[in-house]
Amino acid sequence: MINLKTPEEIEKMKVGGKILAGVMEKLKVAALPGVKTIELDKLTEQLILGAGCQISFRTVRDYKFTTCLCVNDVVVHGLPGEYVLQEGDLLGIDVGLIYEGLHLDMAETILVGVNLSNLTNLTNFLSVGKKALEKAIAQAKVGNRIGHISQAIEENIKMAGYSVVHNLVGHGVGRVLHEDPHIPGILRKKIEETPEIMKGMTLAIEVIYNLG
């Protein structure tokens with residue numbers, strides 16, 4: 001079932017989203033060579049609780065961490081631990097919080113501690129994902145369908161010579177962390193057979209793709 005949010009709930013989610021974006025910026029600064037991923041996780045906990053919010057990811061059964069931290073060939077759901085970040089690592093930071101009872105979820109992938117201009121292949125890889133996300137978000141409007149979002153992701157990733165991960169998807173978000181509808185990064189059926197985008201839907205659009 002798709003949860004449509006009230007205008008008041010959406011305003012609260014905007015505030016929570018700004019808080020979460022601020023947390024993400026601090027984590028990107030803190031993700032330096034020599035830092036353990038578990039240290040980043042603990043910092044995230046402090047930042048979220050310090051902002052008066054709750055930790056969204058701990059609402060997932062048996063999950064005890066604040067983040068998912070994915071290094072290099074780990075695509076999603078990487079567990080924070082004793083790994084020490086190295087110069088040139090690709091680090092995916094995935095984090096969520098709860099603000100006034102509503103969940104927010106975001107992720108970003110960065111290069112750890114390097115001059116980005118010296119790593120053209122990886123900077124291009126990351127920039128393609130960001131552009132694909134922008135194209136996908138542009139399709140998230142009333143009257144379109146989820147398939148328009150999926151199609152935008154698939155076309156832009158494939159055009160650059162990369163591959164979409166088929167079995168991982170974006171999702172609705174808000175009253176719980178993972179809501180309907182699923183948002184695949186590929187078009188699995190005719191667009192008109194995918195869910196219609198309606199006023200009040202809140203979506204976590206995720207571009208999940210591989211270099212190879």
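Colleague: Is Tyr209 buried or exposed?
Modeller: Tyr209 is buried, at a relative accessible area of 13%. Buried means under 20% relative accessible area, exposed over 50%, and partly exposed in between, with a 1.4 Å probe and protein chains only. Bear in mind that this is a predicted model: local features need pLDDT of at least 70, side-chain atom pairs count only at pLDDT 80 or more, and totals for chains, interfaces and linings use all residues. Residues are numbered from 1 along each chain as its sequence is written, and side-chain values use heavy atoms, with hydrogens and water left out.

Colleague: How many aromatic pairs are there?
Modeller: Four. Rings of Phe, Tyr and Trp (its six-membered ring) pair if their centres lie within 6.5 Å; planes under 30 degrees apart count as stacked, over 60 as edge-to-face and the rest as tilted.

Colleague: What kind of pair do Phe125 and Tyr209 make?
Modeller: A tilted one, because the planes are at 45°, with the ring centres 4.6 Å apart. The partners are 84 residues apart, so to speak from distant parts of the chain: Phe125 is in helix α3 (residues 120-138) and Tyr209 in strand β9 (residues 209-210). Helices (H or I, at least four residues) and strands (E, at least two) are DSSP runs, numbered from the N terminus.

Colleague: And Phe125, buried or exposed?
Modeller: Phe125 counts as buried, at 8% relative accessibility. Ring pairs also join Phe125, Tyr162 and Tyr209 into a cluster.

Colleague: What about Tyr63 and Phe65?
Modeller: Their planes are at 70° and their centres 5.6 Å apart, so that pair is edge-to-face. Both residues are buried.

Colleague: New topic. What is the strand order in the open sheet?
Modeller: The three strands run β7-β6-β8, with antiparallel pairing. Two strands pair if DSSP finds at least two bridges between them. The edge strands are β7 (179-184) and β8 (203-204), each pairing on one side only.

Colleague: How many bridges do β6 and β8 pair over?
Modeller: Two, with β6 covering residues 169-172. Gly172 stands opposite Leu203 in β8.

Colleague: Which helix lies across β7 and β8?
Modeller: Helix α4 (residues 146-159), at about 35° to β7. Axes are lines fitted to C-alpha atoms, for helices over the stretch in contact (heavy atoms within 4.5 Å). Angles run from 0 to 180 degrees between N-to-C directions.

Colleague: Last one. Where is Leu32?
Modeller: Leu32 is in the loop between α1 (7-30) and α2 (37-50). Leu32 is partly exposed, with a relative accessible area of 45%. Leu32 touches Leu85 and Val112, leaving aside residues up to four places away in sequence.
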